[in-house]
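Okay, thanks everyone for coming.

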2 protein chains.
Amino acid sequence: MSLSADWIAVDWGTSNMRAWAMRADGTVLARGESAKGMGQLTPSQFEPALLEAVEQWLNSERVTPIIACGMVGARQGWIEAEYANTPTPPIAAQATRAPVSDSRIAVFILPGVSQMAPPDVMRGEETQIAGYVSAVGASGTICLPGTHSKWVEIADGRITRFRTAMTGEIFSLLAEKSVLRHSVGTDIWSEDGFAAGVREALDDAEIITKLFSIRAGSLLDGIVPQVSRSRLSGLLIGAELAGTGDYWQGGDIALIGASRLSALYQTALGLAGVSARVLDAGDMTLAGLCAARAALEETQ
Amino acid sequence: MSLSADWIAVDWGTSNMRAWAMRADGTVLARGESAKGMGQLTPSQFEPALLEAVEQWLNSERVTPIIACGMVGARQGWIEAEYANTPTPPIAAQATRAPVSDSRIAVFILPGVSQMAPPDVMRGEETQIAGYVSAVGASGTICLPGTHSKWVEIADGRITRFRTAMTGEIFSLLAEKSVLRHSVGTDIWSEDGFAAGVREALDDAEIITKLFSIRAGSLLDGIVPQVSRSRLSGLLIGAELAGTGDYWQGGDIALIGASRLSALYQTALGLAGVSARVLDAGDMTLAGLCAARAALEETQ
């Protein structure tokens, strides 16, 4: 049984790729996933990797448009899709055509968004933000927790400013590669340890001289690994919040990210006295790709 | 030609070991070094590693005392030398005897120092501090820059309080393992980049949301790697200073560490309006081991 998509939506990140076979009206016909992330591909390997994942959805009688977002458009990706500069709608009209040899596909890669002062960049998150604008509203404050969390201010359907926090990456490095790896566990969570860390960092965001107390606390006081791990997470997320108060102090934050991580941010924001709602990251990505598809059709 | 030491001083850290053949009057007769740091040895491998480095200095007619400091006394080392708790002289009288099978040596391992609130530990630095107390003075503020920098307050020859900053380890992780590795160079230094980072962090110690601007600055503004690297170093050392103002605001700091790193701290402290003098780390270690040897003789 062959399934023919009107167009195909692709979220292509550093470590994996997800694809949706779409009908013109926005119905999802099928889903696919591949572990061939941008991080392991050279430019010539992107087209075969894409075909491997979506070929069964193609119709040999016509060209199927494929709209892709994420690191696939980075300088080290398939082809660089230039940044759109703030203030900008999350999906600027122009997409970059990727070079393909298969005549059944036309691949459009969405640009990331850059900000000149202070310098900052995003790639992939702009599509989730486009989903928010299309499905939720044209203004608001969004936090996208992750390896590199983004805080984004939206007004009149445009990204007016944003800031990146390296919280997730620093957490992984400290928990896995630093001396703290001897003190932090991997599994069970401690709400109290997390809350203590968040409060400590909200009080004083300087963490460089606080982190080692996690190691010393396990050596001297026998603090158990799950408490240490939760406190480390709390300290880092608390420090992120301390550095982004100008974004969240107005309240009513939308969180878009992995559900477990979003819940942590919701808890931390609650400790700071601010309410936040969690939106599904996959839904926002797909809504953003649909909005991009609509924008692209208008310009064609 | 055989050389016979009255005693042997040993500084045994995680990644290497240094030894000095000493005369009773404190004269250095010879020096040795080994790459067999504590990090790569199991308990039974310490004695052979030690003999390999110092055997030529032993006299088979008598027992040569060996005084060792550093991670050799950690729980994962040769044998654990319990911490002395603050307030404490940097060298508490009791040293831990390491088990040996060679009858020509008696090995004494010096304890580290712990602090219960906030929890903190040091191991090795207490011997350099003992050197300071013995050679420079019985009170003052010492900064020992390194993988884990220590800030230490000395009064009446005792360590009254101290604090550890994970600055060096975090710098290495960010420069070598994080996304910033693409943006930071390895060699040439930029005084201006360093100073800008120090000033930025002294103004606001929250670094989690500032670090990614190093990556974005290189992508958008073409900031060269040496400037990025120097700014990263400045941001982290500046954040460390922001968290240790209660130690250095009185001025007149003694810096004990690798000479290049000590010079960076001297520059950063200068930007904060505070003068610091640099003391030789090797000299302080040896002076501390000599002080420990003298204390040990008194108690025997």
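Let's start at one residue: leaving out its neighbours within four places in sequence, A:Leu232 touches A:Phe171, A:Leu174, A:Ala175, A:Leu180, A:Val184, A:Leu211 and A:Ile214. Contact here means heavy atoms within 4.5 Å.

Quick housekeeping. This is a predicted model, where local features need pLDDT of at least 70 and side-chain atom pairs count only at pLDDT 80 or more, while totals for chains, interfaces and linings use all residues. Residues are numbered from 1 along each chain as its sequence is written, chains are lettered from A and ligands numbered from 1 in the order in which they are written, and side-chain values use heavy atoms, with hydrogens and water left out.

So, where does A:Leu232 sit? It is among the residues with the most contacts inside the largest nonpolar core, which has 45 residues. A nonpolar core is a set of buried Ala, Val, Leu, Ile, Met, Phe, Trp, Tyr and Cys residues joined through side-chain atoms within 4.5 Å. Buried means under 20% relative accessible area, using a 1.4 Å probe and protein chains only. B:Leu232 is on that most-contacts list too. Elements giving two or more residues to this core include α3 (167-177) and α5 (212-220) of both chains. By the way, helices (H or I, at least four residues) and strands (E, at least two) are DSSP runs, numbered from the N terminus.

Next, how do the two chains relate? Chain B can be laid on chain A by a turn of 180° and a shift of 0.0 Å along the axis, with an RMSD of 0.0 Å; that is the relation of a two-fold axis. The superposition is by least squares on the C-alpha atoms of residues with pLDDT of at least 70 in both copies. In chain B, B:Glu206 comes closest to the axis, at 2.7 Å (C-alpha).

Now to helix α1 (residues 46-54) of chain A: seven of its nine residues are buried, including A:Phe46 and A:Leu50. Part of what covers them is β1 (7-12) and β4 (64-69) of chain A.

Last stop, chain B. Strand β11 (residues 149-155) has five of its seven residues buried. Five bridges join it, antiparallel, to β10 (residues 140-144), and strands pair if DSSP finds at least two bridges between them. On the β12 (residues 158-165) side there are seven bridges, also antiparallel. In the turn of the β11(B)–β12(B) hairpin, B:Asp156 has a positive phi of about 50°.

Methods: Buried means under 20% relative accessible area, exposed over 50%, partly exposed in between (1.4 Å probe, protein chains only).
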